[in-house]
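This briefing is intended for a reader working from the sequence and the coordinates.

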Amino acid sequence: MSDALARALAPGIVPVVVAEAAEVAAPLAEALEAAGVATAEVTLRTSAAPEVIRRMVASSSLVVGAGTVRTAADVDAVVEAGAAYVVSPGLSRRVVERCREHGVPVLPGVATPTEAMAAAELGAHLVKFFPAEANGGVGALRALSAALPGSRFVPTGGITAASLRHYLEIPEVVACGGSWMVTPQLLDTGAFDVVRRLSLEAVAVARVARGTR
Ligand code: 3PG
């Protein structure tokens, strides 16, 4: 794992951001940093995403990643914006290879052993288990990781403040992703104090969960 990615994932929490307006970038970054989070996955689900990445990189020391990256052109756009790593909902050889050409770490999305094995064949041993809850949640991920020694996971999708702990207790889970601390509603209403509180709570849960596994 690259140093930047290791630093990003160290607190165990990856806030998944869907931002409609670039103006949220600076206050969002400030709230996340204050909470002890080291990263955000800014999803390419809005046209504002590249500018959000650019502004978060410029205004903070967060390791900013890009999510919902599905094509080689997406990779080019987010790397140009300053993304330090790339997350994809699925496994695309073209995305993995383009990330490698840029020298940027990539976490492909996988939901099955076959997909995780295909990712490993492409050199991606750290993957996003997605969508985590819909694919069987903690039980499924325990079974998956037991069968795939060497693979590491960032489960994302449907995880909540309540279920977070159970994922983080799995030794192969490097961090958990989710939007519960940065919901579009919180961003739209400028509730960055709430973002900060929910993020702080998530980081605290991660610390405890890792201590117990
Ligand atoms: C993602 O893109 O990773 C997911 O949409 C995040 O999942 P969540 O919104 O259910 O946390």
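This is a predicted model: local features need pLDDT of at least 70, side-chain atom pairs count only at pLDDT 80 or more; totals for chains, interfaces and linings use all residues.

Residues are numbered from 1 along each chain as its sequence is written, and side-chain values use heavy atoms, with hydrogens and water left out.

**Salt bridges around Arg55**

- Side chains of opposite charge can pair when their charged atoms come close.
- Glu23 and Arg55 form a salt bridge through their side chains, at 3.9 Å from N to O.
- Glu23 lies in the loop between β1 (13-17) and α2 (25-35) and Arg55 lies in helix α3, so this pair ties together parts that are 32 residues apart in sequence. Helices (H or I, at least four residues) and strands (E, at least two) are DSSP runs, numbered from the N terminus.
- Glu23 is exposed at a relative accessible area of 57%, while Arg55 is partly exposed at 33%. Buried means under 20% relative accessible area, exposed over 50%, and partly exposed in between (1.4 Å probe, protein chains only).
- Arg55 also meets Glu51 in a salt bridge between side chains, at 2.9 Å from N to O.
- Arg55 and Glu51 are 4 residues apart in helix α3 and are therefore separated by about one helical turn; Glu51 is partly exposed, with a relative accessible area of 28%.
- A network of salt bridges links Glu23, Glu51, Arg54, Arg55 and Glu80.

- The side chains of Arg98 and Asp76 meet in a salt bridge at 2.7 Å, N to O.
- This pair links distant parts of the chain, with Arg98 in helix α5 (residues 93-102) and Asp76 in helix α4 (residues 72-81), 22 residues apart.
- Arg98 counts as partly exposed at 26% relative accessibility, and Asp76 counts as partly exposed at 30%.

- Ser60 is placed in the loop between α3 (49-59) and β3 (63-67), and it counts as buried at 15% relative accessibility.
- The side chain of Ser60 reaches the backbone oxygen of Met56 at 2.7 Å and the backbone nitrogen of Leu62 at 3.2 Å.
- Leaving aside residues up to four places away in sequence, Ser60 touches Ala29 and Glu33, where contact means heavy atoms within 4.5 Å.
- Leu186 is placed in helix α9 (residues 184-188) and is buried, with a relative accessible area of 14%.
- With residues up to four places away in sequence not counted, Leu186 touches Trp180, Met181, Ala191, Val194, Val195 and Leu198.

**Ligand site**

- The ligand is surrounded by Val16, Arg45, Lys128, Phe130, Thr156, Gly157, Gly158, Gly178 and Ser179, with a heavy atom within 4 Å as the criterion.
- A polar side-chain atom of Lys128 lies 2.6 Å from an oxygen atom of the ligand.
- For Gly158, a backbone N or O atom lies 2.7 Å from a ligand oxygen atom.
- In the side chain of Ser179, an N or O atom is 2.6 Å from an oxygen atom of the ligand.
- The ligand exposes 310 Å² when taken alone, and the protein buries 80% of that; accessible areas come from the Shrake-Rupley method with a 1.4 Å probe.

Definitions and conventions
A polar contact is a pair of N or O atoms within 3.5 Å; within protein, one must be able to donate a hydrogen and the other to accept it, and residues adjacent in sequence count only if both atoms are side-chain atoms. A salt bridge is a side-chain nitrogen of Lys or Arg within 4 Å of a carboxyl oxygen of Asp or Glu.
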